[in-house]
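Visitor: I am new here and would like a friendly tour. Please start with the words I will need.

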Amino acid sequence: MKNDTPEAFDSDKEIARVIDEVMSSSLSDEQYRKKMQRRKEVQDQRIAKAVPAKGLIVVNTGNGKGKTTAALGMVLRSLGHGYKVAIVQFIKGAWEPSEKRVFSNWQDQLEFHAMGEGFTWETQDRDRDLDKAQAAWEKSLEYIRNPDFRLVLLDEINIALKMGYLQVEQVLAGLAQKPEATHVILTGRGAPAALIERADLVTEMTLVKHPFRDQGVKAQPGIEY
């Protein structure tokens, strides 16, 4: 039976409808005020029903640039709140990342482990890459299980999954061990479907233009690293 109670309406569609009316119509000041009042009422209802807090599994994937950068924004927010944070890099360990130098200002809150040896085409040693990925995963589990750490960033772990250095089943089993309040971010292109299904927040970065691909511009400090 169809539920016609006020709680059953689709708040996303209602918000979209209100915005469309505002954008597509020539409204008087009073009409605009009423539309925005309705928009606020819908949003207030959503907030009132929301869960106060939950440790999230966040996946940043896709071929576009910005997956790690977005994750580091969450790292900065967590540090600003005084939370303890751990970062484990699965691929970029061969670099001395500028982020690592910046984050050294939060040594009492942040643990940073760059455990890869660079991109797979640079190492050219599958067995060594596999061993490094497994070691990075074991280090990650230490932080995932530790309730003292509010946020754990597993940078480029999706690449390790895509290359077969890790199995999605072992990663999902590890994520199931995290404390209730802990957030875990997993970055890298090619996130497997099972991980996307398990995640609470998934963002796919879409590549539209890239300076190296389209113009032959090398990676630059402050942009890529």
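Guide: Helices (H or I, at least four residues) and strands (E, at least two) are DSSP runs, numbered from the N terminus. This is a predicted model, in which local features need pLDDT of at least 70 and side-chain atom pairs count only at pLDDT 80 or more, while totals for chains, interfaces and linings use all residues. Residues are numbered from 1 along each chain as its sequence is written, and side-chain values use heavy atoms, with hydrogens and water left out.

Visitor: How many helices and strands does the chain have, and what percentage of its contacts with a separation of 6 or more joins residues 24 or more positions apart?

Guide: The chain has 10 helices and six strands. Contact means heavy atoms within 4.5 Å. Taking the contacts with a separation of 6 or more, the part from residues 24 or more positions apart is 77%.

Visitor: What percentage of the 225 residues is buried?

Guide: A residue is buried under 20% relative accessible area, exposed over 50% and partly exposed in between (1.4 Å probe, protein chains only). Among the 225 residues of the chain, the buried ones make up 33%.

Visitor: Which helix gives the most to the lining of the second largest pocket?

Guide: On a 1 Å grid over the protein atoms alone, a cavity is a set of points where a 1.4 Å probe fits but cannot get out, and a pocket is an open set with protein on both sides within 12 Å along at least five of seven lines; lining residues have an atom within 4 Å of a point. The lining of this pocket includes Leu56, Met74, Tyr83 and Leu201. Helix 3 (67-80) and strand 4 each supply at least two residues. With three residues, the element that gives the most is helix 3.

Visitor: How many nonpolar residues line that pocket, and how much space lies in it?

Guide: Ala, Val, Leu, Ile, Met, Phe, Trp, Tyr, Cys and Pro count as nonpolar, Asp, Glu, Lys and Arg as charged, and the others, Gly among them, as polar. The lining of the second largest pocket divides into six nonpolar, three polar and two charged residues. Grid points are joined across faces, edges and corners, and a volume is the space filled by probe spheres set on the points. For the second largest pocket, that space is about 270 Å³.

Visitor: How much space lies in the second largest cavity?

Guide: There are two cavities of 30 Å³ or more. The space in the second largest cavity comes to about 40 Å³.

Visitor: Which residues of helix 8 are buried, and how wide an arc do they cover?

Guide: The buried residues of helix 8 are Val168, Val171, Gly174 and Leu175. The arc is that of the directions from the helix axis to the C-beta atoms. These residues lie on the same side of helix 8 because their arc is only 125 degrees.

Visitor: Is Asn158 buried or exposed, and what is its relative accessible area?

Guide: Asn158 lies in helix 7. Beyond its neighbours within four places in sequence, its contacts include Val59, Leu186, Thr187 and Leu195. Asn158 is buried, with a relative accessible area of 0%.

Visitor: What is the phi of Glu156?

Guide: Glu156 is found in the loop between strand 4 (149-155) and helix 7 (157-162). Glu156 is buried, at a relative accessible area of 11%. Although Glu156 is not a glycine, its phi is positive, at about 65 degrees.

Visitor: How far apart in space are Ala53 and Glu180?

Guide: Ala53 sits in the loop between helix 2 (29-49) and strand 1, and is exposed, with a relative accessible area of 64%. Ala53 and Glu180 are 127 residues apart in sequence, while their distance in space, C-alpha to C-alpha, is 9.4 Å.
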